[in-house]
Structures are given as C-alpha cells and as structure tokens.
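Subject: Structure for your reading

Dear colleague,

Please find below the structure that I was asked to pass on to you.

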Number of protein chains: 4
Amino acid sequence: MSIRQGDAPQPGHPLEHTDAWPERVSIEGRRVRTCFRVRYAETDQMGMAYYAGYLVWFEVLRGDLMRAAGTPYPWFEEQGYLLPIVEAHVRYMAPARYDDPIEVVGWIEELRSRKVRFAYRVERLGETLADGWTIHIPVGQDGRARGFSQELLGRLEHWILAPG
Amino acid sequence: MSIRQGDAPQPGHPLEHTDAWPERVSIEGRRVRTCFRVRYAETDQMGMAYYAGYLVWFEVLRGDLMRAAGTPYPWFEEQGYLLPIVEAHVRYMAPARYDDPIEVVGWIEELRSRKVRFAYRVERLGETLADGWTIHIPVGQDGRARGFSQELLGRLEHWILAPG
Amino acid sequence: MSIRQGDAPQPGHPLEHTDAWPERVSIEGRRVRTCFRVRYAETDQMGMAYYAGYLVWFEVLRGDLMRAAGTPYPWFEEQGYLLPIVEAHVRYMAPARYDDPIEVVGWIEELRSRKVRFAYRVERLGETLADGWTIHIPVGQDGRARGFSQELLGRLEHWILAPG
Amino acid sequence: MSIRQGDAPQPGHPLEHTDAWPERVSIEGRRVRTCFRVRYAETDQMGMAYYAGYLVWFEVLRGDLMRAAGTPYPWFEEQGYLLPIVEAHVRYMAPARYDDPIEVVGWIEELRSRKVRFAYRVERLGETLADGWTIHIPVGQDGRARGFSQELLGRLEHWILAPG
C-alpha cells in the first residue's frame, strides 16, 4: 500500500519516504486491514493478551486507516488538529495468545463535522476475537472543539460504512 | 487498610506480610478508593494520559477492591479461578496529565454466579475525568465457565452498589 | 512527604494542591523511596513482571525524587527543559509477581552541568529484585543540549550519593 | 519468510498455519531484521517514543529471530523452557517519533549451554536510533537453571555473530 497519488502529504514531505518500506496494510472496499503478531509484552499471567492492549491495536488500525485515506495522523496534527477519544467500547470473545497472527479490520461508522466514530474487528486466521468502537472529537492545539474542514471531510467520507 | 481478621488468606500466607506496607486504599461504604500519580510512561504526544491506560487504572482498583473484600486476586487464582473480561466501556471527560494525583473509585454493580460487573470513576482532586465499567466471567484454569462458590459470593456481595 | 517550604513551585502553583493527597514517598538521607504494587498489566505469560516495566518503575522513582528535590518534573519542563535518556541499564535478580509490594530506592550518582546519572534498586520486603541506572542529558524544547542552571544544580546536588 | 522445511514445529502444529500470513521479517546472513511503525501508545509527552518501549522492540526481534531459527518461542515454552532476562542495556542516540518506520536488526552475540546474549540495533531509514543487548538464562518451568539441549544449541548457533 502507498499513499495515493495526488493526495497529501505532497512529494518532498518526510512521510513520503516510507513508500520504500513494507507496509502491513491492505484495503478492502471501505475497510482497512492491518496485521501484526501479539507481543510478549502484551500478554499477562493468564497467558493471554491483556485487555487494555486491544485499545492499542484499535489505534494501530486507526493510524493505518488515516494514512490510507491520505490524511496521515502526523500530517493531521501538523494542520493543528488533535483527535482525542471521548468514548471507547470493547467486546472480548476469545483470547489472543503470544505470537498469534492478529489482523484488525476497521472502518468509519459515522462522520460529522465535530465527531467521528471508528469501528474495529480483531481477527486471528478468520476467527473474530473481539470487536469495538471509539468516538473522537476533533480539537485544536488549544484543546477546543474544532470542526473538520470540508477538505478533511471529503477525504474521510470515502471510508464511511454504516453499521448493519 | 489491612485484610480483615478471620478472612482469607490465613496467617502464614505470603500475602499476609503486606500489612506492614503502606497501602493506598480507602473504603467508603460499598466503594473502594485507590490513588496513584500519572506515570510519564502513561502519557502520549498529545501531552495527556493515553486512553488505553484507563483500563489499567480500572484493573488497579479491581485488585484493591478484591483485596479489601478478603478475596485477593492471587488467592482467587490459587483457588483455580480466572476472571477474564468480556466487555469494557470507558467515557473520557477531561484529560489527565503527567504527575496528576489520580483517584479511582470503584464498586460492584452486579453480581451473579457466572458474571460480575464492576463500575469505576476516575477523579483528580474531586473532578471526574472518566468513568466506565467492565464485565467479567469466572472461569476455571481450563478456560471453562465456572460459577463463583457460595463462599466467594458471600464475600463479594457486601460490595454491591446498584446503579442510579 | 510534601514539597519543602520556600521551594519551587511557589504557592498558587497548581502542583501545590497535592499536599492534601497521600504521597507514597519517603526520604532516607540522600535516597528517595517510593512504593506501589505490581499491576496485572505489568505481568507476562511467564507469570512475572515483564522486563521493560522496570524502566517504568525507575521513572516513577525519578519523578518522586525530583519532586522531593523541589524540582518537580512538570515544573522542570515549564522552565523549558527536557531530560531525555541516553543510556539505561538493568540487572534482574529475582522475579516480581502480580500484587507484590514493590519499593524502589533511588539517588543521584553523578551530576554535571550537562549530564545526570540516577541509580535505582528494586526491592520486595527487603529483598533486592533488580538494580540499574540511567543517564540523562538536559536539553531545551528545541532538542539541543542545554546545561542545568546553577539554581537547578544547587537543588539537585543535595541528592548526590557516589557509588561504592 | 517461513519456517524452514524439516524444522520444528512439524506440519500439523498450530504454528504452521502462519505461512499464509504476511511476515515482517527478513534474514541477512546471521542477522534477522523486523519492521513496524511506532505506535501512538508508545509516545510520551516529549513527543518521542518512551524509553522502556525499546526493550519491547528488542523482544519483537527476539521472537522473530527464534522463529527464523526454527525454534519459535511458543514451541520453546512447550519444551518446558523459559528464557528470563538477567541483564539489559540500551543506548539511545536519536529519538523515534510516532508513525516512524522502525527496523530492528538483531543477532546472537554469545551462546553457551546456560546463557545466551542477543544484540540489537534500532534503525529508521538507515539511521541508527539506538542499540543494546540482553542476556538470558534458560530455566525450566520450576524456575531452575536448565541448560539448552544439544538440539537447541545446534539450531541457534547458526545465528551467532561475534561483536567487533
């Protein structure tokens, strides 16, 4: 996967160099899929991936989705936006173990000028291990709510996939 | 705070030695309160505590509540139980910063033979920063559902505080 | 423990409010001691505290030492300093387990205008579990080396305890 | 990369299924190279990757090296071995930022029946950001020292690359 031609960031931007680097992301219609293995650091003494780590995995997907959308999160922050989380939810169905090959699939479930909702599904070789969602509010560097620009909404709305 | 007289674990048990150690826990009726400072490791480049860390803070409270209930989690695991999470929810209201003095208040919102629901509130000097809940299912070492014993239900039901 | 009278930060500073809050720190001559319990999040599937977490524990001690020295790290950052790590070392002697009451003792082993070296010892009920050290270089917000001011050196040199 | 033919684990073993999954690992003579992006969770309020995270990155490389050696760590644990760390060292040269494409290169620097020393270098697009090493002692499930079997030594010695 590479950032699409004509999209931000423009050539010469530091983010551009990463094209030579093996990405872990694939695009499936309006969904983005990323993959990694469970780290030993992420296990706990129950012998499974600790529950808070799933929110980190959601964040990995979110970063990959935003890069795929031509709005990499570092570039987004350079525009003066932050995207703090206001609500998060996870359902755990089956444990993930050390070294398991994990895939996270994610998409945008709702997009408004002042709110975005991402949805996620965590899989291992086709089996769903967990799912969840997060709601974010765009704010400026001063911490105040700041609506997405029309340009940003335009880039992101391609990825909306309503639930159901 | 110390583990109550007559409660498990019994004298001579390794957990007993901790009485000489300064606990961070206080008991408020059916609620337990614990405190700690935000670690630098827990901040992110937004300059606030990273969102997954709140689930870790919930876990700290859960461990302190179970110790207060006379059923310390290590003892619970020695009885052959694990208590994996099946659902987690967090609402983030205001950011926590590095070194902030954090207090987490928690209680049991629902207790059944095969399910327990904990509720949490994260505070800084009286201000609510976040709240949330987690649902857990008791299982045996083999990963199969295993109802709480009557003795365990008896110890834990003291801490039930219904919502609303 | 409370920040000493006459020391920075001055009354009215947000850090001042924490006096009403139970600190976990004690001062032993030129050493500072802090305590906490091992979190479930910090364990791994070997059933012990994961090795990277000891660097987090060192950081907790460092923050407590700097607060005890009248130079709380947030105040230090407000003065335009950062204190990145250039070298870290840990020796692991015995495993720490979930819920273990951990104490970290630390001191300044070397202090120069452009370098500070902290030393640490991790204990459980008197037994040494690990020790280590970190070297830090003061830099400005621009990332360039920036020597400690005479005032800062004056506050910190009280805590120097040479090895051996 | 895939586990080499004829090596453990044998066909039918659960680890075998991962051949269909995109690995992030490449082999360069006696070195193994792995890659990933810096997670937001790994940053701190200095705006760079937090220092303890480098030990997690070392562990990712270690897991990939052991899989490349035909001795995947989960299989190693199934044989009744654990490989706790007794010493760790890191030198930090340049900061890593969120979303940076990170590569970790690692090899075995010393291998004895009762000790193994891994070395690591963390790179970003060819620039060295950090290096370090870890020393491990093989132990049995009972926590007692247990020498590597001849078979294990045979598999691992292919990866020894002496310093200098």
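Two strands are said to pair if DSSP finds at least two bridges between them. Please keep in mind that this is a predicted model.

Strands and sheet

In chain C, strand β2 (residues 31-37) and strand β5 (residues 101-112) pair in the antiparallel sense, and six bridges link them. Within this pairing, Phe36(C) stands opposite Ile102(C), a residue of β5(C).

How many strands make up the sheet to which chains C and D contribute? The open sheet has twelve strands, paired antiparallel, in the order β1(C)-β2(C)-β5(C)-β6(C)-β7(C)-β4(C)-β4(D)-β7(D)-β6(D)-β5(D)-β2(D)-β1(D). Its edges are formed by β1 (25-28) of chain C and β1 (25-28) of chain D, each of which pairs on one side only. On average, neighbouring strands in the sheet are turned by 20° against each other, with direction ignored.

Helix α1 (residues 53-68) of chain D lies across β4 (85-92) of chain C and, in chain D, across β1, β2 (31-37), β4 (85-92), β5 (101-112), β6 (115-124) and β7 (127-136). The helix runs at about 130° to β2(D).

Chains A and B

The size of an interface is often given as the accessible area lost when the parts come together. For chain A and chain B, the buried area is about 2,100 Å², and carbon and sulfur atoms account for 61% of it. In chain A, the residues that lose the most area to chain B are Met46(A), Tyr51(A) and Tyr92(A), which together make up 29% of what that side buries. The contact involves 25 residues of chain A and 25 residues of chain B.

Which elements give two or more residues to the side of chain A that touches chain B? They are α1 (53-68), α2 (73-78), β4 (85-92) and β7 (127-136) of chain A. With eight residues, β4(A) gives the most to this side. By class, the side of chain A that touches chain B has 17 nonpolar, three polar and five charged residues.

The strand β4(A) also runs antiparallel to strand β4 (residues 85-92) of chain B, to which five bridges join it. Here Ala88(A) stands opposite Val90(B) in β4(B).

Chains B and C

Chain B and chain C bury about 2,600 Å² between them, with 57% of that area coming from carbon and sulfur atoms. Each chain brings 28 residues to the contact.

Between chain B and chain C there are four salt bridges. One of them joins the side chains of Arg67(B) and Asp99(C), at 2.5 Å from N to O. Ten residue pairs are in polar contact between chain B and chain C.

On the side of chain B that touches chain C, at least two residues come from each of β2 (31-37), α1 (53-68), α2 (73-78) and β5 (101-112) of chain B. The element that gives the most to this side is α1(B), with six residues. The residues on this side of chain B comprise 15 nonpolar, three polar and ten charged.

Yours sincerely,
A colleague

Key: Residues numbered from 1 in each chain as written. Chains lettered and ligands numbered in written order. Predicted model: local features only at pLDDT ≥ 70, side-chain atom pairs only at ≥ 80, totals over all residues. Heavy atoms only, no water. Contact = heavy atoms within 4.5 Å. Buried area = accessible area lost by both parts, 1.4 Å probe. Polar contact = N/O pair within 3.5 Å; in protein donor to acceptor, adjacent residues only side chain to side chain. Helix = DSSP H or I, 4+ residues; strand = E, 2+ residues; numbered from the N terminus. Nonpolar A, V, L, I, M, F, W, Y, C, P; charged D, E, K, R; others polar. Axes fitted to C-alpha atoms, helices over the stretch in contact; angles between N-to-C directions.
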